[in-house]
Amino acid sequence: MRYAVLGTGEVGRTLGGKLVALGHEVTLGSRTGDSPAALEWVRETGGGAGTFAQAAAAAEVVVNAVGGRVALAALEAAGAEHLAGKVVVDVSNPLAFEDGRVRLDPVEADSVGEQLQRAFPHARVVKTLNTVNCQVMVDPARVPGEHVLFVCGADADAKAQVTALLGEFGWPAERVLDLGGIEGSRAVEMWLPLWLTLMQRFGHPDFNLELRRAR
Ligand SMILES: NC(=O)c1ccc[n+]([C@@H]2O[C@H](COP(=O)([O-])OP(=O)(O)OC[C@H]3O[C@@H](n4cnc5c(N)ncnc54)[C@H](OP(=O)(O)O)[C@@H]3O)[C@@H](O)[C@H]2O)c1
């Protein structure tokens with residue numbers, strides 16, 4: 001499969017590296033296409049690099065791995081015509097750092113997942129993976145137990161495709177919970193303040209949610 005991973009931060013490089021290791025064709029997208037981070041990733045992994053638009057144009061599936069507050073800008077740069085009909089996997093969180101504090105923007109009445117789906121109605125946006133650290137995303141065995149991920153989005157086939165991709169990363173389908181439509185993004189994005197508090201409490205990011213229920 002041909003993937004565009006938009007974002008050269010730790011998350012984009014980690015997801016992109018895993019996809020290359022799994023045998024996929026990956027273009028890491030950034031604003032300029034040749035940032036030092038992108039070129040180093042190319043040297044390390046053998047993947048390709050390009051602008052957001054070049055990466056998205058070449059891809060069958062697009063992964064959004066930039067900050068939630070710049071996600072619209074990155075996908076606009078990618079180009080609506082290069083997203084139409086494609087699965088867009090949104091792993092972002094709308095974290096805003098101000099005065100040494102973190103808050104979410106948007107929050108509660110909206111989410112990045114919904115913003116992206118509204119702005120690109122012909123893209124098939126699936127929100128997932130944003131609830132775990134990027135090393136756990138691609139290696140769930142870092143955390144013991146039957147811990148879970150979530151998917152949400154309007155398109156059932158797109159969610160099935162993303163669930164299969166998560167399987168390649170090591171997440172069994174029974175540990176991927178479908179939350180329904182893309183408005184489920186609000187709930188998973190609002191997990192972040194507690195996730196950050198737990199990381200401070202534990203001193204590391206290798207943890208996740210395991211759900212117990214009666215039925
Ligand atoms: N850290 C984790 O383990 C983790 C876990 C779950 C979810 N997430 C989420 O994953 C996303 C990526 O996080 P990250 O730390 O890897 O990367 P990041 O530092 O949040 O983002 C880096 C990327 O953002 C792009 N960017 C910055 N400003 C931009 C703008 N104004 N317009 C368009 N693009 C812009 C950069 O482009 P250039 O390459 O051109 O500089 C770069 O590719 C975030 O939403 C984060 O909340 C992170």
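Me: Which residue is the bridge partner of L149 in β10?
Reply: Happy to start there, bearing in mind that this is a predicted model. Strand β9 covers residues 149–152, and β9 pairs with strand β10 (residues 176–178) in the parallel sense over three bridges. In β10, the partner of L149 is V176.

Me: And which residue stands opposite C152 of β9?
Reply: For this one, turn to strand β8, residues 124–128. β8 and β9 pair in the antiparallel sense, over two bridges. Opposite C152 in β9 stands K127.

Me: How many helices and how many strands are there in the chain?
Reply: Among the strands are β8, β9 and β10, and among the helices are α1 (10–21) and α4 (71–78). The chain has ten helices and ten strands.

Me: Which helix gives the most to the shell around the ligand?
Reply: There are 24 residues around the ligand, and G9, V11, S30, R31 and S92 come nearest. By kind, the shell divides into nine nonpolar, 13 polar and two charged residues. Helices α1 and α4 each supply at least two residues of the shell. The one that gives the most, with three residues, is α1.

Me: How many residues does the largest nonpolar core have?
Reply: A4, V5, L6, V62 and V63 have the most contacts inside the largest nonpolar core. L6, for one, is in contact with residues including F52, V62, V63 and A78, leaving aside its neighbours within four places in sequence. The core's residue count is 51.

Me: Is V107 buried or exposed, or something in between?
Reply: V107 sits in the loop between β7 (101–104) and α6 (112–119). Beyond its neighbours within four places in sequence, V107 is in contact with P94 and M190. A residue is buried with 20 or more other C-beta atoms within 10 Å and exposed with 12 or fewer. V107 has 15, so it is partly exposed.

Me: What radius of gyration does the chain have?
Reply: The C-alpha atoms fill a box of roughly 45 × 40 × 35 Å along the principal axes. Of the contacts with a separation of 6 or more, 69% are between residues 24 or more positions apart. A compact globule of 215 residues would have a radius of gyration near 17 Å, which agrees with the chain's 16 Å.

Terms used:
Residues numbered from 1 in each chain as written. Predicted model: local features only at pLDDT ≥ 70, side-chain atom pairs only at ≥ 80, totals over all residues. Near = placed C-beta within 6 Å. Helix = DSSP H or I, 4+ residues; strand = E, 2+ residues; numbered from the N terminus. Nonpolar A, V, L, I, M, F, W, Y, C, P; charged D, E, K, R; others polar. Core = buried A, V, L, I, M, F, W, Y, C linked by C-beta atoms within 7 Å. Contact = placed C-beta atoms within 7 Å. Rg over C-alpha atoms; globule rule 2.2 N^0.38 Å. Pairing = 2+ DSSP bridges.
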